[in-house]
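Student: I would like to learn how to read a protein model. Please take me through one.

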Amino acid sequence: MRLRRFTGRSATAALAQVKAELGSEAVILATRPLADGGVEITAAIDPDAVADPGTAGAPRPGAAAELAALRRELGAIASRVARVDRALRPGRGVLGGLDEEAQAIAERLALNGTAPELAEAAARSFMCLRARGSTAAAALAASIERHLLVAAPEVPEPVATVFVGPTGAGKTTTIAKLAARAAARGAAVGLVMADTQRIGAAEQLGRYARLLGVPIAAAANGDELVRALAGFEHCDVVYVDTAGLGGDAAGAAELTRLLAPVRAGVTTAAVVAAGASEIALRAAWRRLAALAPATCVVTKVDEGGGLGTACGWLAEVGVPLDWLGTGTRVPDDLVAADGQAVAAWLGAA
Ligand SMILES: Nc1nc2c(ncn2[C@@H]2O[C@H](COP(=O)(O)OP(=O)(O)O)[C@@H](O)[C@H]2O)c(=O)[nH]1
Ligand SMILES: [Mg+2]
């Protein structure tokens, strides 16, 4: 495959170069905002178009499946870029009337998975705030808060929070980060592992509990959970870890049953990874909705794009974004999801 890098003042300009030099068969592999405000696009010609005649007749075993998977992935990326490109083309798409600075912001938001309509709305409000004298940073943070983030209602800090979400999303790691911070500021912390199935489920959380010197309890059913929370009544904060919600409805139903006796007294926080596709987020929501999460943590924003997709999904389901997981380090890699942090991690700042 022939890889080439193109840079331009905007995504549209860089895409025009890709098209001019590699033709319309080119596929986009990666996009990256540059420090000078431009955009770098890594593109390649479709493997079909550059098949080497010397090796074409003797494919390596497994190569066809790999190629098919790669092609599917490239197709998905190409259609996403095409959608962004169509929507953002000056004069033709939704960006008519935006100045250059606002247009660049809309493009960067869209490249991170933000729906073009939301990206455009945020960019338009950015332009208005700039015109009224705001600095670029303040205008961007405010616009992102207004259009990409769901406002959190003013409620007292919850004592007990239950973290729910797909397996591997980062629930246990997020709890460890939050618990370490709370312990560092002198709060009394309690940890609960609520899992009906896996005997060893508490091990990972137990390790963190020992490291932090905070108490931990395990709860395999609703009654045990009630007792565990009662035992932590003296605590300032209690974090409840749960088994991952898989694709099956049975797991979600079991978790709902386990949490039922304490639902009125706890807040539920959804944990999802930024890299999850829109389809995966929708599938996760089918399981999560029954647990009525009041807030959300989006993890793995350090692993690349997708925060825009997650923000769009949260706007749709009306759940405020509370924290961003920005890496694996406990407790460092966690930031409060305000407009400024989200702008930075969306690559828009
Ligand atoms: N890069 C990155 N990795 C993370 C983040 N949060 C969690 N992880 C990693 O994701 C994996 C699964 O995390 P874990 O907390 O066990 O997920 P759980 O199954 O939801 O409890 C672990 O290897 C974590 O170190 C994050 O914000 N960024
Ligand atoms: Mg876990």
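Student: How many helices and strands does the protein chain have?

Tutor: This is a predicted model. The secondary structure of its protein chain comes to 13 helices and eleven strands. Of the 349 residues in the chain, 40% are buried.

Student: How is the packing of two helices described?

Tutor: Two packed helices are described by the angle between their axes and by the distance between those axes. Take helix α5, residues 116–131, and helix α6, residues 136–147: the angle is about 140° and the axes are 8 Å apart.

Student: Which residues make the contact?

Tutor: On α5 they include Leu118, Ala122, Phe126 and Leu129, and on α6 they include Ala139, Leu140, Ser143 and Ile144. By class, the residues of this contact are ten nonpolar, three polar and two charged.

Student: What surrounds ligand 1?

Tutor: The shell has 19 residues, and the closest are Gly170, Lys171, Thr172, Thr173 and Gly325. Helix α7, residues 171–184, gives the most to this shell, with three residues.

Student: How does the shell around ligand 1 divide by class?

Tutor: Twelve of its residues are polar, five are charged and two are nonpolar.

Notes
Residues are numbered from 1 along each chain as its sequence is written. Chains are lettered from A and ligands numbered from 1 in the order in which they are written. This is a predicted model: local features need pLDDT of at least 70, side-chain atom pairs count only at pLDDT 80 or more; totals for chains, interfaces and linings use all residues. A residue is near a molecule or strand if its C-beta atom, placed from the backbone, lies within 6 Å of it. Helices (H or I, at least four residues) and strands (E, at least two) are DSSP runs, numbered from the N terminus. Ala, Val, Leu, Ile, Met, Phe, Trp, Tyr, Cys and Pro count as nonpolar, Asp, Glu, Lys and Arg as charged, and the others, Gly among them, as polar. Axes are lines fitted to C-alpha atoms, for helices over the stretch in contact, and angles run from 0 to 180 degrees between N-to-C directions. Two residues are in contact if their C-beta atoms, placed from the backbone, lie within 7 Å. A residue is buried if 20 or more other C-beta atoms lie within 10 Å of its own, exposed if 12 or fewer, and partly exposed in between; C-beta atoms are placed from the backbone.
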